[in-house]
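Welcome! Here is a short tour for anyone meeting this protein for the first time. Take a look at the sequence and the fold, and then read on.

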Amino acid sequence: MNHCCYRLGETIWTFQANDDIRSTPAVWDINNDNELEIVFGSDDNYLYCIDLKGNEIWSFKTSGSVFVSPTIADIDLDGDFEILFGSTDNKFYCLSSDGQIEWSFLTGSDIYSSPAIANLNQDKKLEIIFGSEDNKIYCLNYLGRELWSYDTWRNIRSSPAIADLNNDGFMEVLCGSDDNYLYCLDYMGKEIWSYKTDNMIFSSPLIADINNDNLSEIFICSTDHFVYSLSLTGVSQSGDNPWYSFRGSVLHTGWMDSDNDFIDDLTESYLNDPDYPLTNNLFPSFDLSNKNSMIIVTLASIILISVLRTKKKRKRFV
């Protein structure tokens, strides 16, 4: 069952699917009615779109559970937004805003990894990156065609993060694997480096410049009970972080942070609207124009993860 509550916890409405809901919702004004719609998946094999009153607008049936949290983006930059998600039927789907299938891509196993979106290669189009239980990290173009894949040793349930770690204008992809490694790949899918923990990595990487030295740090959690903090060497400055954590930003809306200000594009569209009260109510103790304040909020998401102890490591960028 999906719940909508006031900020004080009072229930506004509930929506009941036919099985467990483990997907994190994404929101957007899908039908141009000036109201946000909510999109999420369920173990009943459906992806649902409901309105702000909890009424179903449409649903799309796959042949497996939709554990993945959907992402919303205008991947072909035509002004219409697409909904992107995977299923345990081994397929990755792209739907139009009215719930019609635009394309699907077949992998070799279940998909539990939520997609990340970014322009990896400066071609003015967005790429889609996700992992599969067939051990591979996939990169697709906006037409659903495979640009590259990288084969790890075991299943991938981690969701990717994307950033320009060395400020060369091209993005790097970070993703964990059940083979205990965190992988850093270049925009063409070639391994730059990998870091081994002592057990499987289910969590998604978080990328942030926490000490204001213009270099990104990387945080990852492992089932070995550790949180790891990785720093970069051989790099003088890091670039943009358009998808720096699970579901794009610390607010986890499933949207990019295209201007690298630690606020995803959806939230920022409301923060910039003088008629929208969110500006004064979201994180009222923080100055949202101050990037360091948003870093504090980002780090708060790490603290909320169960932490036994932290290991500090350095990774050389070659």
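## Two asparagines with a positive phi

Our tour of this predicted model begins at Asn180, which sits in the loop between β16 and β17 (181-185). Its phi is near 85°, a positive value in a residue other than glycine. Most residues other than glycine have a negative phi. Is Asn180 buried or exposed? With a relative accessible area of 15%, Asn180 is buried, because the cut-off for that label is under 20%.

Asn90 also has a positive phi, of about 80°, although it is not a glycine. You will find Asn90 in the loop between β8 (82-86) and β9 (91-95). Its relative accessible area is 22%, so Asn90 counts as partly exposed.

## An open sheet of four strands

Next, have a look at the sheet. In which order do its 4 strands lie? The order is β3-β4-β5-β6, the sheet is open, and the pairing is antiparallel. At the edges stand β3 (26-28) and β6 (56-61), each with a single partner strand, so one side of each has no neighbour in the sheet. From one strand to the next, the twist averages 20°.

Strands of a sheet pair through backbone hydrogen bonds. Here, β3 pairs with β4 (residues 37-41) in the antiparallel sense, over 3 bridges.

## Two buried loop residues

Two further loop residues are worth a visit. Thr152 belongs to the loop between β14 (146-151) and β15 (161-163). Its relative accessibility is 5%, so Thr152 counts as buried. The side chain of Thr152 makes a polar contact of 3.1 Å with the side chain of Ser177.

Met171 is located in the loop between β15 and β16 (172-176). Met171 counts as buried because its relative accessibility is 9%. Where does the chain come back to Met171? The C-alpha atom of Gly239 is 8.7 Å from that of Met171, while the two residues are 68 residues apart along the chain.

## A cavity inside

By residue type, the lining of the largest cavity divides into 5 nonpolar, 1 polar and 1 charged.

Technical notes
Residues are numbered from 1 along each chain as its sequence is written. This is a predicted model: local features need pLDDT of at least 70, side-chain atom pairs count only at pLDDT 80 or more; totals for chains, interfaces and linings use all residues. Side-chain values use heavy atoms; hydrogens and water are left out. Ala, Val, Leu, Ile, Met, Phe, Trp, Tyr, Cys and Pro count as nonpolar, Asp, Glu, Lys and Arg as charged, and the others, Gly among them, as polar. Two strands pair if DSSP finds at least two bridges between them. Axes are lines fitted to C-alpha atoms, for helices over the stretch in contact, and angles run from 0 to 180 degrees between N-to-C directions. Buried means under 20% relative accessible area, exposed over 50%, partly exposed in between (1.4 Å probe, protein chains only). A polar contact is a pair of N or O atoms within 3.5 Å; within protein, one must be able to donate a hydrogen and the other to accept it, and residues adjacent in sequence count only if both atoms are side-chain atoms.
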